[in-house]
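Let's take a walk through this structure together, going from the overall layout down to single residues. Have your viewer ready.

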Amino acid sequence: MTLDPWVLAAIGAMALATYLTRAGGYWLFRVVKPPPVVRAMLGYIPGTLFVSYVVPALASGGVQQWAGAAVTIAVMAATRNLAFAILGGTAAAAAVWAAS
Amino acid sequence: MSLARPRFSRAAVLAGARASLPVQVAVIPFALVCGIVAQGQGLSLAEATLMSGLVYAGSAQLLALSHWGNPAPVLAAAFASFVVNLRLALMGPVLAPWLDRLRGWRLWVSLFVMADQNWAMSVGQMQAGRWDAGFLFGSGVLMWFVWVAGTAAGHLLGAAMQPSPGHPLFFSALAVFVAILVTMWRGAADVLPWAVAGAVAAGMARLMPGTSWYIVGGALAGSAAGVLRDRRRSPGQTA
């Protein structure tokens, strides 16, 4: 149960930087009324944000990630159930991992 | 008219917690991995738990921990957290129709517990015409508890588990994002922005390894492509 001052400082700085992004983006948009172009872009943000997260991860991944993602998408599209999709995809990834 | 709609009801807080249960289960391996990595980098149980409680951002914590040292790299860790989490600055404004109706601690705590997963579920609720920000708060607070407890458990497991980098445990975190992506598909109009986002993100990730600019870069490029296309199709409209 030790607390190193440098580690504490790093954690505090990380926490501050992270909350700045969480609250700062929203706060900025409330103070500075965004032009219509920016508001139209916000409608596309949810999808493109997750695409930008997933595609590079899959591009640098291997058969395990590709099989897992394919099964996740298939199960999610068929059942619309998050739990089934995550379990199915992870099971597929584990199957590839065990076989290799 | 919107005044008659609940802003922050107990029912919505509970509904958010309940609806997010599948996601919470998928957060557990992610939290365990974070605790295991923190233990491997020499953080004490108290330090690892404190980090998850105050920072509460898995990918940022993992990136910062992968470049840890002694003494702890204060500026580098803060900068990494800021860049990885810039996407959160884009996410908050999307929920403005909900958040604008909140005041005081409800607003600032709701923003604190806003993470990718419960934000995505809240966007779905908002698009379905529900108006109660309690959903974001309830799902977020529960995820915060799961995240902090999971990190502590991972730290304790630490030396005992030592999963290899290719362990399928790590895939479950990605599976959450892939599954959420399916729910965000709205039709053919998404093809162009998504393709641009994926291409830009993949290119940036390759050009700037070890950073996370690619998430924000891909999202902005893809969204801009979608808006430009819409404007060309109907130049009379402002958006």
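How far apart are the centres of domain 1 of chain A and domain 2 of chain A, taken over C-alpha atoms? They are separated by 31 Å. Domain 1 of chain A covers 1-33 and domain 2 covers 45-100, with bounds that come from an automatic or database domain assignment.

A word on conventions before going further. Residues are numbered from 1 along each chain as its sequence is written, and chains are lettered from A and ligands numbered from 1 in the order in which they are written. The model is predicted, with local features needing pLDDT of at least 70 and side-chain atom pairs counting only at pLDDT 80 or more, while totals for chains, interfaces and linings use all residues.

Now to chain B. Its secondary structure comprises 13 helices and zero strands, where helices (H or I, at least four residues) and strands (E, at least two) are DSSP runs, numbered from the N terminus. The C-alpha atoms of chain B occupy a box of roughly 60 × 45 × 30 Å along the principal axes. For 239 residues, a compact globule would have a radius of gyration near 18 Å, and the 19 Å of chain B agrees with that. The radius is taken over C-alpha atoms, and the globule rule is 2.2 Å times the number of residues to the power 0.38.

How much of chain B is buried? The share is 53% of its 239 residues. Here a residue is buried if 20 or more other C-beta atoms lie within 10 Å of its own, exposed if 12 or fewer, and partly exposed in between, with C-beta atoms placed from the backbone. Two residues are in contact if their C-beta atoms, placed from the backbone, lie within 7 Å.

Chain B has domains of its own, domain 1 (2-184) and domain 2 (186-239), and their C-alpha centres lie 24 Å apart. Each of the two domains puts six residues into the contact between them. On the domain 1 side, α5 (74-84) and α6 (86-94) of chain B each supply at least two residues, and α6(B) has the largest share with three. That side divides into five nonpolar residues, no polar and one charged. In this count, Ala, Val, Leu, Ile, Met, Phe, Trp, Tyr, Cys and Pro are nonpolar, Asp, Glu, Lys and Arg are charged, and the others, Gly among them, are polar.

Next, see where the chains meet. The contact takes 61 residues from chain A and 75 residues from chain B. On the side of chain A, α1 (5-31), α2 (36-59), α3 (63-79) and α4 (82-99) each provide at least two residues, and α2(A) gives the most, with 21 residues. The residues on this side of chain A are 44 nonpolar, 14 polar and three charged.

Which residues touch the most other members of the largest nonpolar core? In this core of 117 residues, they are M14(A), V54(A), V176(B), F177(B), A179(B) and A201(B). A nonpolar core is a set of buried Ala, Val, Leu, Ile, Met, Phe, Trp, Tyr and Cys residues joined through C-beta atoms within 7 Å. Beyond neighbours within four places in sequence, A201(B) has contacts that include S52(A), V55(A) and P56(A), as well as Y214(B) and I215(B).

Not counting residues up to four places away in sequence, F112(B) touches Y19(A) and R22(A).

Finally, some backbone details. Y56(B) sits in the loop between α3 and α4 of chain B and has a positive phi of about 50°, although it is not a glycine. Y56(B) is buried, with 23 other C-beta atoms within 10 Å. R80(A), in the loop between α3 and α4 of chain A, also has a positive phi, near 60°, but R80(A) counts as exposed because it has 12 C-beta neighbours inside 10 Å. The peptide bond from N70(B) to P71(B) is cis, with omega near 5°, and P71(B) is in the loop between α4 (58-66) and α5 of chain B.
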